[in-house]
Amino acid sequence: MKDFICDDFQQSVSQLLIRHKSILDIITKLEESQSRVNRAVVKAVTSCGCIQVSAQKQHIPHDADIKDLKSCMSTHIEGELCESCKDIIEKEIGNNIFYITSLCNTLDINLHDVLEKEYEKINTLGIYNMF
């Protein structure tokens, strides 16, 4: 069923994208939408205050095993998103996904295939995926 959602979403995006059909428009709109996601997160900190950023150097014990790293690393976030901030951030992430999908459509890339390949990669490589 999830495959249909992804495929249906990609088809819907292809039907809706009219004004920003140029690859140049799409990549700049994608960058703009990512900036709006970032801005919404920052506003949750600076305007709302529902979350706080308490950043400092990550402390990794010298004897830490690679499997221990996850428990050693911090997100630097304190608190939880309020419903309003969560709604705004979800909206902006959705907009970002729209433009990622538009880019896929323009380059004749199937979004489901991209997700499936990434899923297989992270499952195969596990914690070594990001090194």
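**Reading a helical protein step by step**

Me: Where is Asn96 found?
Reply: Asn96 sits in helix H4, which covers residues 83-106. Keep in mind that this model is predicted.

Me: Is Asn96 buried or exposed?
Reply: The cut-off for buried is under 20% relative accessible area. Asn96 has 9%, so Asn96 counts as buried.

Me: Which residues is Asn96 in contact with, leaving aside its neighbours within four places in sequence?
Reply: Its partners are Leu30, Ser33, Gln34 and Val37. Now look at helix H2, which spans residues 23-48.

Me: How do I describe two helices that pack together?
Reply: Two packed helices are described by the distance between their axes and the angle between those axes. Here, the axes of H2 and H4 come within 9 Å and cross at roughly 165°.

Me: Are H2 and H4 roughly parallel or roughly antiparallel to each other?
Reply: Angles over 145 degrees count as roughly antiparallel, so that is the word for H2 and H4. The crossing in which H2 passes H4 is left-handed. As for the residues of this contact, 16 are nonpolar, six are polar and four are charged.

Me: What does Gln10 touch, not counting residues up to four places away in sequence?
Reply: Begin with its place: Gln10 belongs to helix H1, residues 2-16. Gln10 is buried, at a relative accessible area of 8%. The residues that Gln10 touches are Thr101, Cys104, Asn105, Ile109, Asn110, Leu111 and His112.

Me: Where does Leu107 lie?
Reply: Leu107 is in the loop between H4 and helix H5, the latter being 111-125. Leu107 is partly exposed, with a relative accessible area of 47%. Between the C-alpha atoms of Leu107 and Ile23 there are 8.6 Å, while along the chain these two are 84 residues apart.

Me: What should I know about the phi angle?
Reply: Most residues other than glycine have a negative phi. Asp108 has a positive phi of about 55°, although Asp108 is not a glycine. Asp108 lies in the loop between H4 and H5, and is exposed at a relative accessible area of 73%.

Me: What is phi of His76 near?
Reply: Phi of His76 is near 70°, again a positive value in a residue other than glycine. His76 lies in the loop between helix H3 (69-72) and strand S2 (77-79). At 18% relative accessibility, His76 counts as buried.

Me: Now for the overall view: how many helices and strands does the protein have?
Reply: There are five helices and two strands. Along the sequence they follow the pattern α-α-β-α-β-α-α.

Me: What radius of gyration does the protein have?
Reply: The protein has 18 Å, whereas a compact globule of 131 residues would have a value near 14 Å. The C-alpha trace spans about 50 × 40 × 30 Å along its principal axes.

Me: How much of the protein counts as buried?
Reply: Of its 131 residues, 21% count as buried.

Definitions and conventions: Residues numbered from 1 in each chain as written. Predicted model: local features only at pLDDT ≥ 70, side-chain atom pairs only at ≥ 80, totals over all residues. Heavy atoms only, no water. Helix = DSSP H or I, 4+ residues; strand = E, 2+ residues; numbered from the N terminus. Buried < 20%, exposed > 50% of the residue type's maximum accessible area, 1.4 Å probe, protein only. Contact = heavy atoms within 4.5 Å. Axes fitted to C-alpha atoms, helices over the stretch in contact; angles between N-to-C directions. Parallel < 35°, antiparallel > 145°, perpendicular 65-115°, else oblique. Left-handed = near helix turned anticlockwise from the far one by under 90°. Nonpolar A, V, L, I, M, F, W, Y, C, P; charged D, E, K, R; others polar. Rg over C-alpha atoms; globule rule 2.2 N^0.38 Å.
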